[in-house]
Amino acid sequence: MKTQNDNTAFLTYLRHFINESDKHLETPLSEIANRFKVLTLKKNQLLVDENQVCPYFCYVESGILQHAILVEAEEKTTYLALRNSVTSSLNSFLNKIPSRKSIKALVDCQLWVIDLENFKDLLANNQVFQQFYHNLIEKQIMLIDDYRIDLLTLTPEERYKKLLSTEPKLLQEVPLHYLASFLGISNRHMSRIRKNSH
């Protein structure tokens, strides 16, 4: 693991979740940034393997992380963490229990990571981090809720079109079979939908 000083993108991301009118932001913000370290993953390298304890909560500065599970020896994508987002196998990370999924770099990734001890210390003692984490979790719950409803109410074509409008980067950067798995669509059906959409 190497430490790198240019955390501009990470700090910009943090600011989206906090109250900018607070005049005393700089000290707690720099303290947060100092607790996160740079971790570089090469393509196909794992952040965590299924049944291992997830060591980090991380911000994705560049690259794509695939969350996946094995179902009857077939890999299923449960989530795709893109550049400028945060991710973890949260239950595993917070409770030090084996992860139910693996998290793998689909391309070379640069991450800012924090271990559990530093994470808990920031949550207990840094109000800006508390605010960031609260707002982040709130937003994620809403997104997960929408995603679950979409799976039950939208056709595969509608799910694809929604993804196209909300996450155009995904369609440019992620191989088709990962997207198909993420959307719960077969590869063949996904190819057909994509062809008909153009």
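**Exercise 1.** How many bridges join strand β3 to strand β8, and do the two run parallel or antiparallel?

*Solution.* Before we start: this is a predicted model, where local features need pLDDT of at least 70, side-chain atom pairs count only at pLDDT 80 or more, and totals for chains, interfaces and linings use all residues. Residues are numbered from 1 along each chain as its sequence is written, and side-chain values use heavy atoms, with hydrogens and water left out.

Step 1: find β3 at residues 57-62 and β8 at residues 109-114. Strands are DSSP E runs of at least two residues, helices H or I runs of at least four, numbered from the N terminus.
Step 2: five bridges join them, and they run antiparallel. Two strands pair if DSSP finds at least two bridges between them.
Step 3: spot V60, which stands opposite L111 in β8.

**Exercise 2.** Which side chain meets R35 in a salt bridge of 3.2 Å?

*Solution.* Step 1: go to helix α2 (residues 26-35), where R35 sits.
Step 2: look for a side-chain nitrogen of Lys or Arg within 4 Å of a carboxyl oxygen of Asp or Glu, which is what a salt bridge is. The partner is E31.
Step 3: E31 and R35 are about one helical turn apart, because four residues separate them in helix α2.
Step 4: follow the network of salt bridges, which links E31, R35 and D121.

**Exercise 3.** Is K104 buried or exposed?

*Solution.* Step 1: take its relative accessible area, 15%.
Step 2: buried means under 20%, exposed over 50%, partly exposed in between (1.4 Å probe, protein chains only). So K104 is buried.
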